[in-house]
Protein chains: 2
Amino acid sequence: MEKDDFRKFGREFVEWLAEYMESIEKYPVNSPVKPGEIKAKLPSNPPAAGEPMDRIFRDFQDIILPGITHWQHPGWFAYFPANNSPASVLAELLTAGMGVQGMVWQTSPAAAELEEVVLGWLRRMLVLPEGWSGVIQDTASTATLCALLTARERATGHEANVRGLKVPLTVYASTETHSSVEKGVKIAGYGKENLRVVPADEKFAMVPGALEKAVREDIRAGFRPACAVATVGTTSSGAIDPLAPIGRICREHGLWLHVDAAYAGTAAILPEKRWILDGVEGADSFVFNPHKWMLTNFDCSAYFVKDAAALVRTFEVHPEYLKTGVDAVVKNYRDWGIQLGRRFRALKLWFVIRDYGVEGIRAMVREHIRLARLFEGWLHGHPKFELLAPVDLSLVCFRLNDGRPEEALNTLNKELLARVNASGKIFLTHTTLKGKFTIRLVVAGRTTAERHVREAWDIIRSEAERLL
Amino acid sequence: MEKDDFRKFGREFVEWLAEYMESIEKYPVNSPVKPGEIKAKLPSNPPAAGEPMDRIFRDFQDIILPGITHWQHPGWFAYFPANNSPASVLAELLTAGMGVQGMVWQTSPAAAELEEVVLGWLRRMLVLPEGWSGVIQDTASTATLCALLTARERATGHEANVRGLKVPLTVYASTETHSSVEKGVKIAGYGKENLRVVPADEKFAMVPGALEKAVREDIRAGFRPACAVATVGTTSSGAIDPLAPIGRICREHGLWLHVDAAYAGTAAILPEKRWILDGVEGADSFVFNPHKWMLTNFDCSAYFVKDAAALVRTFEVHPEYLKTGVDAVVKNYRDWGIQLGRRFRALKLWFVIRDYGVEGIRAMVREHIRLARLFEGWLHGHPKFELLAPVDLSLVCFRLNDGRPEEALNTLNKELLARVNASGKIFLTHTTLKGKFTIRLVVAGRTTAERHVREAWDIIRSEAERLL
């Protein structure tokens, strides 16, 4: 690039992004390309000589853009969203430009201290206990793995780190727990067969009595129960495990309690929804993702622990080349997780919270919940739609049900989902609940407004009526 | 933010960054703030109402910037650099703005397919074996952990994932190996006491004979040797472990060989330096960091494996809510590592390689190596400086040595380093080599030119002469 090209293309990209944000509805939400289609348009060898930026940018628009699935489209109702915001994007631009690597305090004091301050803000916003410490992780998968590892070390008196895992430790999670728990259990060396899958009730929440029974049976059988993972807002249905009774069981038997509130955690900033975290003070660790429902660019998971020393003791290593003169008095976040290198992610959180203010974020979350309720009402009012889980927040689980046999219903709803997504105007995904193919609609896009939810309902209803 | 504020502040931030890049030398490389200084300037509560962006941006400049250690400063000679480039920053802007989450192919086909293509480009640039598969990881720590986990599964016939680690597995690395190996060994449940630290030779490279001896002794003692980690470009001294004999030993005894070339890997794009990877074809996995010496914003580690199926088998989980109709024919990178969620990091690599071209990147790397040699020559020409390791690439290890006792020399060099860094014009860090306090100077900043290395030498020499 020439000297002033950064200015030129920087302005051009900003303008392009502004237009992209304004006109995103003209794109199909879900990319319609076929597997291999993008790859076929790209040379398999790198260029020997540099190419002009306008050609690269043109190729980005011509080749890459058609293969993008537009997560920021207001018709995005799939998975859990990863909403962002102009303030967050602007902060990411500064972060990228400064190119700071915040592995230790010394390598950018502001990155370390802003992280501490902003995680304190989040702690207050969610009314988590005073005294808990926060750290940014990339994803909830990583945070949950950190919890499983810290639990492993606590259960073995920090012996597993040294001698490997010699005692058979067990972990507990419900049937509805996210797959990252199974992944973390395997990575941490517990072994999948030592993950106890605790039954859920009719609302898909963990049954505390079943947890207690499983723990007691394991103790009798010679296992050492180490960790339970409770979920606030499960991926399939948004179910909320009852933290208070689960916490009491964990304390009684010495288990580490980790709470995964990846999606739902943000809702706890609403006083009227703070009940979803009732009992969280009995937990040892907690994660939620500002990158899901708090307007902050992916990736940014907020991980909180009651006992920061246990976390640090699990991960710390002290090679000479990383020692600094201030190690005794600062937080070196390299010891708070798996990676050594760390991006300056606190900046975007700081920008977002200040740009919106707590009330601004609350207003967005309230509106999303209202829209989900609205959609729920339309489902109730239609004779052929069935709600499959309670709607506590902004996730609605439903299916078309005209009374045909279960297996045929699954086929019917699979077809319905395919047709709905083929519209290109909205994108929803599925799960199974009690063996039933379930369509999920999550309202959490920054620009998702009532008209988009109405349009979703129109598309779903008309495709359904065409199918019946 | 108001409707057109993204445009307004986007342009303003681009202009600010352009000026930052041009005038970065006016800042002290290493932030001079004291612990707690930044924190004290930030409110401990989040604002209830949103604030105007110009106030946020002003606070960024007034409060945050003084606490930034400027990794992109041409006087950065510390740790290993994390160099970036205008093209990479521009790509990060697009990535942030689109807000794509690439956990599976369907959630952005272009992200998955561009990653495959660009990692193919890197494979060719480094002349890695055809048939190896690449995936972007956040950091080398994570990639090395992936290698340790895949090795664990291979050594146990994929039993550890299921039943936990029952057999005592051992891991091998040299005295000079990066601390991420110890961290990974602990996380993966091997136990630190099962990490065998293999001696290094006088050039700090692993001694293959010592590795073989350790492996044989462990087998006799009933251990199952699972993995060896060889390093190309160690953190302390840039030493290069001999991959060919290490690979032969690993193959003979069925060990997984992982190669950590985090910093040095980039140099293999030079035909005259490709020898550093001689024997890499005998490895099972390989990582290097485009975010260190290849102009790509942190984070971006390129991880390559010979047997992608073994990697995927280690990490895959298949919850219903992540299944898509094309899973059988596409690469779902969620199964290639620890995290589920993934940023669209291939874009910045694509921008950088096309913007510079392979020859452009080569020219930068060659120049850095030339400058390190130049500095080495000045050290040689001075009676009181001592070189402490061979200079194969762009890392120079040295100390001041006027013949006083070893312990006093350590104190002397510690003081020298402190004074040099206090200049604010350059930033170097230290290590220990054979018990000697060692000053490290790495040339790898994008804008680091001969005059900066000369200035570094002037500062170091004059501070040294003042000290003696």
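Two residues are taken to be in contact if their C-beta atoms, placed from the backbone, lie within 7 Å. By this criterion, 122 residues of chain A are in contact with 122 residues of chain B. The structure is a predicted model, in which local features need pLDDT of at least 70 and side-chain atom pairs count only at pLDDT 80 or more, whereas totals for chains, interfaces and linings use all residues. Residues are numbered from 1 along each chain as its sequence is written, and chains are lettered from A and ligands numbered from 1 in the order in which they are written.

On the side of chain A that touches chain B, helix 1 (residues 5-22) of chain A gives the most, with twelve residues; helices here are DSSP runs of H or I with at least four residues, strands are runs of E with at least two, and both are numbered from the N terminus. Sorted by class, this side of chain A has 62 nonpolar, 37 polar and 23 charged residues, where Ala, Val, Leu, Ile, Met, Phe, Trp, Tyr, Cys and Pro count as nonpolar, Asp, Glu, Lys and Arg as charged, and the others, Gly among them, as polar.

Helix 2 (residues 53-64) of chain A has the buried residues Met53(A), Ile56(A), Phe60(A) and Ile64(A); a residue is buried if 20 or more other C-beta atoms, placed from the backbone, lie within 10 Å of its own, exposed if 12 or fewer, and partly exposed in between. These four residues of helix 2 of chain A cover an arc of only 60 degrees around the axis, and they therefore lie on the same side of the helix, the arc being that of the directions from the helix axis to the C-beta atoms. The cover over the buried residues of helix 2 of chain A includes helix 1 of chain A, and also helix 3 (86-98), helix 4 (109-125) and helix 12 (346-380) of chain B. On the face turned away from the buried side, helix 2 of chain A carries the exposed residues Asp54(A), Arg55(A), Arg58(A), Gln61(A) and Asp62(A).

Chain A also contains an open sheet of seven strands in the order 1-7-6-5-4-2-3, with mixed pairing; two strands pair if DSSP finds at least two bridges between them. Strand 1 (133-137) and strand 3 (195-198) of chain A stand at the edges with a single partner strand each, so one side of each is left without a neighbour in the sheet. Strand 2 (residues 169-174) of chain A runs parallel to strand 3 of chain A and is joined to it by four bridges, and Ser174(A) has Val198(A) as its bridge partner in strand 3.

In chain B, strand 2 (residues 169-174) and strand 3 (residues 195-198) likewise pair in the parallel sense over four bridges, with Leu195(B) as the bridge partner of Val171(B).

Several features of the backbone lie in loops. The peptide bond from Phe298(A) to Asp299(A) is cis, with omega near 5 degrees, and Asp299(A) is placed in the loop between helix 10 (290-293) and strand 7 (301-305) of chain A. In chain B, a cis peptide bond joins Phe298(B) and Asp299(B), with omega about 5 degrees. Leu295(B), in the loop between helix 10 and strand 7 of chain B, has a positive phi near 65 degrees although it is a residue other than glycine, and it is buried, with 25 other C-beta atoms within 10 Å.
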